[in-house]
Amino acid sequence: VVLVNIFGGIMRCDYVALGIIKALENNSKFLPIIARIKGFKQEEAQNLLKQSKFPIKLVEDLDEAASLSIKLSKV
């Protein structure tokens, strides 16, 4: 499981989302990805991740992200 927790105070969240998508496009290995993205351009970032072809689970809360990560790592 990969847990991405971004708080974009300085870095634009949409740039981070594009980086995640690019990394996934260049990787043949599948791992469940959970992303919590907050901050500048967060809506754009969330839309980019939702529209990507990758099954990225977006969550709003860090506790929820951690719990889901633990749950998915045990599967």
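User: What makes up the protein in terms of helices and strands?
Analyst: Three helices and three strands. Both are DSSP runs, numbered from the N terminus: helices are H or I with at least four residues, strands are E with at least two. From the N terminus on, the order is β-α-β-α-β-α. This is a predicted model, where local features need pLDDT of at least 70, side-chain atom pairs count only at pLDDT 80 or more, and totals for chains, interfaces and linings use all residues. Residues are numbered from 1 along each chain as its sequence is written, and side-chain values use heavy atoms, leaving out hydrogens and water.

User: Why is K74 called exposed?
Analyst: Its relative accessibility is 68%. Exposed means over 50%, buried under 20%, partly exposed in between (1.4 Å probe, protein chains only). K74 therefore counts as exposed. K74 lies in the segment after helix 3 (62-73).

User: How do you know that the span of helix 1 is close to the expected one?
Analyst: The expected span is 1.5 Å times one less than the number of residues. Helix 1 (residues 13-25) has 13 residues, with 18 Å expected, and reaches 18 Å from its first C-alpha to its last.

User: What puts the buried residues of helix 1 on the same side?
Analyst: The buried residues are C13, D14, V16, A17, I20, I21 and L24. They cover an arc of only 160 degrees around the axis, so they sit on the same side of helix 1. The arc is that of the directions from the helix axis to the C-beta atoms.
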